[in-house]
Amino acid sequence: MTSPSQESGATPVDPRVIRFRPGLRREGGHPVRYCTIHGYLRAFVSFGKGPALLLIHGIGDSSDTWQPVLDELGRHHTIVAPDLLGHGRSEKPRADYSVAAYANGMRDLLSVLEIERATVIGHSLGGGVAAQFAYQFPERCDRLILVDSGGIGRSVSPFLRLATVPGIEALMPLFGLAPVRAVTRFTAGVLRYLSTDLGRDTEELLAVFDALPDTSSRTAILRTLRSGVDWRGQVITMLDRAYLAEGMPTLLVWGRHDAVIPLGHGRLAHAALPGSQLEIFDEAGHFPHHSDPARFVRVVSDFVDRTPPASFDAEEWGRRLRRGRQPVEAEAAPTDLEMVALSLSPHPGAS
């Protein structure tokens with residue numbers, strides 16, 4: 001049974017405070033480290049001792065998105081929170097920004113750090129990367145935690161679809177101009193005033209965009225987006241391989257008011273991923289780890305503590321592949337509203 005964030009004494013974070021700004025020194029937190037992999041400079045935060053947690057941020061964001069929860073999660077775990085290639089402090093080359101390439105990069109970073117296995121936590125795009133990591137490298141994945149994850153259903157925010165329109169890159173230099181920013185902020189204010197779900201996340205989304213300092217950064221983000229989204233919605237879906245996750249402890253965390261990747265995607269993933277658990281944050285939008293950091297830490301820690309790490313069996317993996325996937329009732333639901341209405345197995349925290 002979910003409880004509203006107010007009842008848990010939640011104190012939402014200010015998204016403008018935690019995010020990376022080029023040229024500005026970040027006070028507090030943990031030092032950012034760097035390594036070069038395949039010739040490209042990668043930034044990451046790593047500290048703590050114990051079983052590893054790999055935390056993967058969303059599109060346009062950076063490892064800073066995890067700041068509100070890192071200290072508590074790092075009390076009993078080794079934390080690895082990278083800036084994906086093309087994001088944050090990492091290099092932004094003309095390169096492969098596909099989900100599969102990002103998963104490869106996560107494996108390589110863990111190898112550089114001499115970490116064999118990890119519980120993989122991914123938010124938004126990072127959720128798609130986390131799921132791809134579990135598919136490509138199941139022997140290195142202890143558990144999978146998807147937070148308002150991409151890569152599930154087809155529908156996404158119209159704003160994300162708009163960004164994939166051919167020629168939009170020619171407008172990228174204009175996005176940093178003061179008049180354009182003023183119009184954007186005015187529109188965001190209207191959405192908040194109208195109490196829309198998207199309005200709930202406008203400060204978060206604006207903070208992400210403001211953290212992109214120049215055209216090269218925004219171009220890298222555009223390449224990342226186009227690798228998985230077109231004008232019809234998400235191109236990549238984990239549902240065709242979800243049956244392979246049998247035996248992988250999987251937790252889904254979703255904001256009930258997410259307008260970027262709606263709750264219906266979480267319902268659909270819950271139906272498709274064998275034995276998964278769904279935790280809904282009633283007062284959250286696309287960033288539940290910001291809306292109620294204390295509850296997020298509690299939910300993740302409890303899940304890790306009470307679930308044994310997955311064990312990979314190559315013969316069983318082969319049997320699943322030969323058997324193939326079975327039909328999932330939720331796949332027939334054409335809209336997110338129908339997916340939300342699905343009757344799913346109850347779990348603590350699901351409603």
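Predicted model: local features only at pLDDT ≥ 70, side-chain atom pairs only at ≥ 80, totals over all residues.
## Overall architecture

The chain comprises 351 residues, of which 54% count as buried. Its secondary structure consists of 14 helices and 10 strands.

Among contacts in the chain with a separation of 6 or more, 78% are made by residues 24 or more positions apart.

## Helix H3

Helix H3 spans residues 99-112 and contains 14 residues. The distance from its first C-alpha to its last is 20 Å, close to the 20 Å expected at 1.5 Å a residue. After H3 comes Glu 114, which has a positive phi, near 60°.

The buried residues of H3 are Val 99, Tyr 102, Ala 103, Gly 105, Met 106, Asp 108, Leu 109 and Leu 110. An α-helix has 3.6 residues a turn, so residues three or four places apart point the same way. In H3, the buried set includes Val 99, Tyr 102 and Met 106.

## Cysteines

The structure holds zero disulfides. A disulfide is a covalent bond between the sulfur atoms of two cysteines. Cys 35 has a relative accessible area of 12% and is buried. Cys 141 is likewise buried, with a relative accessible area of 0%.

## Nonpolar cores

The largest nonpolar core contains 49 residues. Within this core, the residues that touch the most other members are Leu 54, Ile 56 and Phe 133. Apart from this core lies another, of 23 residues, which include Ile 145, Val 147, Leu 251 and Phe 281.

The surroundings of Leu 54 can be described in more detail. When its neighbours within four places in sequence are left aside, Leu 54 is in contact with Val 80, Pro 82, Met 106, Leu 110, Ala 118, Thr 119, Val 120 and Ile 121. Two of these partners, Met 106 and Leu 110, are among the buried residues of H3.

Helix H4 supplies the largest share, four residues.

How values were computed:
Residues numbered from 1 in each chain as written. Heavy atoms only, no water. Helix = DSSP H or I, 4+ residues; strand = E, 2+ residues; numbered from the N terminus. Expected span 1.5 Å × (residues − 1). Buried < 20%, exposed > 50% of the residue type's maximum accessible area, 1.4 Å probe, protein only. Disulfide = S-S within 2.5 Å. Core = buried A, V, L, I, M, F, W, Y, C linked by side-chain atoms within 4.5 Å. Contact = heavy atoms within 4.5 Å.
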